[in-house]
Amino acid sequence: MAQPTAQHAKSLPIYVLHGPNLNLLGSREPEVYGRASLAEIDQMIAGRAEGHGHHADCRQSNHEGELIGWVQEARSHAAAVILNAGGLSHTSISLLDACRALDIPLVEVHLSNPYRRESYRRHSFISEAATGMICGLGATGYLLAIDAVALLLKGSAE
């Protein structure tokens, strides 16, 4: 499957997929993950995507299989994927395999910096398939991911 043209990409959404426990943002370890709720972050993402002429389709699941299904769906229904797989980043080869099947940009996002945390968080399987990775910048990382995807879809990023 070939990447969509810039014009076709504008008609397809950018999938923003949030993994396990991200539904608890704002209340779960705010000193690590920030105080913004997932709904607030999704609203910021939607606004940034619209500013680039794109639509963001934000989804969250605590279930690995559902995330895999969405990544597979993105192959024909999305212009790009932004993925914060949460703890699955460090454990899921099945999610990696789904990401490897993508023929569209994939940007991995982490709110915290896994390299400043426990050693088991320092390897991400998702990174092996990602076009790029943004970590440690809190909710701003998602906005930067939207900016990066918009550039990639224009063909302007290197």
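Reader: How much of the protein chain counts as buried?
Author: Of its 158 residues, 46% count as buried, where buried means under 20% relative accessible area with a 1.4 Å probe, protein chains only. Keep in mind that this is a predicted model, where local features need pLDDT of at least 70, side-chain atom pairs count only at pLDDT 80 or more, and totals for chains, interfaces and linings use all residues. Residues are numbered from 1 along each chain as its sequence is written, and side-chain values use heavy atoms, with hydrogens and water left out.

Reader: OK, and how many helices and strands are there?
Author: The protein chain has six helices and five strands. Those are DSSP runs numbered from the N terminus: helices are H or I with at least four residues, strands are E with at least two.

Reader: What pattern do they follow along the sequence?
Author: Reading along, you get α-β-α-α-β-α-β-α-β-β-α.

Reader: Switching to packing: at what angle do α3 and α6 pack?
Author: Helix α3 (residues 38–51) and helix α6 (residues 140–154) pack at about 25°, with their axes 9 Å apart. The axes are lines fitted to C-alpha atoms, for helices over the stretch in contact, and angles run from 0 to 180 degrees between N-to-C directions. That angle makes α3 roughly parallel to α6, a label for angles under 35 degrees.

Reader: Which residues make that contact?
Author: From α3 it's Ile41, Met44, Ile45, Arg48 and Ala49, and from α6 it's Tyr142, Leu143, Ile146 and Asp147. Contact here means heavy atoms within 4.5 Å. The residues of this α3 and α6 contact split into seven nonpolar, no polar and two charged. For those classes, Ala, Val, Leu, Ile, Met, Phe, Trp, Tyr, Cys and Pro are nonpolar, Asp, Glu, Lys and Arg are charged, and the others, Gly among them, are polar.

Reader: And what about α4 and α5, at what angle do they pack?
Author: Helix α4 (residues 64–77) and helix α5 (residues 93–100) pack at about 5°, with their axes 9 Å apart. So α4 and α5 are roughly parallel to each other.

Reader: Which residues meet there?
Author: Glu64, Leu67, Ile68, Val71 and Gln72 in α4 meet Ser94, Leu95, Ala98 and Cys99 in α5. The residues of the α4 and α5 contact divide into six nonpolar, two polar and one charged.

Reader: New topic: where is Ala130?
Author: Ala130 is in the loop between β4 (106–110) and β5 (132–135).

Reader: What is Ala130 in contact with?
Author: Leaving aside neighbours within four places in sequence, Ala130 is in contact with Leu106 and Glu108. Ala130 and Leu106 are 24 residues apart in sequence and 5.0 Å apart in space, C-alpha to C-alpha.

Terms used. Buried < 20%, exposed > 50% of the residue type's maximum accessible area, 1.4 Å probe, protein only. Parallel < 35°, antiparallel > 145°, perpendicular 65-115°, else oblique.
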